[in-house]
Amino acid sequence: MSAGALKPLRRPYLWLGAWLLAVLVVCVASLTPPPPMELPRHGDKVEHFLAYALLAASAVQVFRPGRLLWIVGIGLVLMGVGLEFAQGALTETRMADPADAVANATGVLAGLLTARTRMRDLLLRRGG
């Protein structure tokens, strides 16, 4: 990936690495046994929405607006769908839930919409 795809941050590859680490954490958390705690009804959907909204909003901070950012967003949606399939096929402690995939995709959309607000360059303004 060229530096031209990233925003002109002071340490663009550090921020890219942090974002990739966050993506990895979501993947690992999606495929490992869930913590033994009770959530409110549909509380897991809120978790899915927030996780993917944060990933997408973080991508808005790291990547320049344009085609690559949309590709990243589509990739996050596909990752969420793929992880749901993987939960059903590869784990004993998780199950695939189409509603989780919808919450993931909705979160990605919400996160990408931050590109249309003044928050889109928050990291740049903070000296990132």
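Modeller: One cut-off before anything else: a residue is called buried when its relative accessible area is under 20%. With a relative accessible area of 3%, G73 is therefore buried. Keep in mind that this is a predicted model.

G73 sits in helix α3, and it's a handy place to start. Setting aside residues up to four places away in sequence, G73 touches V108 and L112. Those partners turn up again in the packing of α3 against α4, where V108 and L112 are on the α4 side and G73 is on the α3 side. G73 also has L55 18 residues away along the chain, with their C-alpha atoms separated by 9.1 Å.

Now for the helix pair itself. The axes of α3 and α4 are 8 Å apart, and the angle between them is about 165°. The two helices therefore run roughly antiparallel to each other, and α3 passes α4 in a right-handed crossing. Besides G73, α3 brings in L69, W70, L76, V77, G80, V81 and E84, while the α4 side also includes D100, A101, N104 and A105. Sorted by class, the contact has nine nonpolar, three polar and two charged residues.

N104 deserves a stop of its own. It belongs to helix α4, and at 2% relative accessibility N104 counts as buried. Leaving out residues up to four places away in sequence, the residues it touches are H48, Y52, G80 and E84. G80 and E84 are on the α3 side of the α3 and α4 contact, whereas H48 and Y52 are among the α2 residues that meet α4.

That takes us to α2 against α4. Here the angle is about 35°, with the axes 7 Å apart, and the crossing is right-handed. From α2 come D44, K45, H48, F49, Y52, A53, A56, A57 and V60; they meet A99, D100, A103, N104, T106, G107, V108, A110, G111 and L112 in α4. By class, that contact divides into 11 nonpolar, five polar and three charged residues. V46 is another α2 residue. With a relative accessible area of 49%, V46 is partly exposed. Its C-alpha is separated by 9.1 Å from that of G107, which is 61 residues off along the chain.

What about the other neighbour, α1? α1 and α2 pack at an angle of about 165°, with their axes 10 Å apart. That makes α1 roughly antiparallel to α2, and the crossing of α1 past α2 is left-handed. W15, L16, W19, A22, V23 and V26 of α1 make the contact with A51, Y52, L55, S58, A59 and V62 of α2. This one divides into 11 nonpolar residues, one polar and no charged. On α1 you'll also find Y13, which at 46% relative accessibility counts as partly exposed. Y13 and L55 are 42 residues apart in sequence and 16 Å apart in space, C-alpha to C-alpha.

Now the core. The largest nonpolar core has 19 residues, and W19, Y52, L55, F63, L76 and M79 have the most contacts inside it. At least two core residues come from each of α1 (12-31), α2 (43-62), α3 (67-90) and α4 (98-113). α2 gives the most, with six residues. M79 ties several together: beyond its neighbours within four places in sequence, it is in contact with V23, V26, C27, Y52 and L55.

L123 lies in helix α5 (residues 122-125), and at 16% relative accessibility L123 counts as buried. Apart from residues up to four places away in sequence, L123 touches L9, W15, Q61 and G128. L123 is 10 residues from L113 in sequence, and 16 Å from it in space, C-alpha to C-alpha.

Terms used. Residues are numbered from 1 along each chain as its sequence is written. This is a predicted model: local features need pLDDT of at least 70, side-chain atom pairs count only at pLDDT 80 or more; totals for chains, interfaces and linings use all residues. Side-chain values use heavy atoms; hydrogens and water are left out. A nonpolar core is a set of buried Ala, Val, Leu, Ile, Met, Phe, Trp, Tyr and Cys residues joined through side-chain atoms within 4.5 Å. Buried means under 20% relative accessible area, exposed over 50%, partly exposed in between (1.4 Å probe, protein chains only). Helices (H or I, at least four residues) and strands (E, at least two) are DSSP runs, numbered from the N terminus. Contact means heavy atoms within 4.5 Å. Axes are lines fitted to C-alpha atoms, for helices over the stretch in contact, and angles run from 0 to 180 degrees between N-to-C directions. Angles under 35 degrees count as roughly parallel, over 145 as roughly antiparallel, 65 to 115 as roughly perpendicular and the rest as oblique. A crossing is left-handed if the near helix is turned anticlockwise from the far one by less than a right angle, and right-handed if clockwise. Ala, Val, Leu, Ile, Met, Phe, Trp, Tyr, Cys and Pro count as nonpolar, Asp, Glu, Lys and Arg as charged, and the others, Gly among them, as polar.
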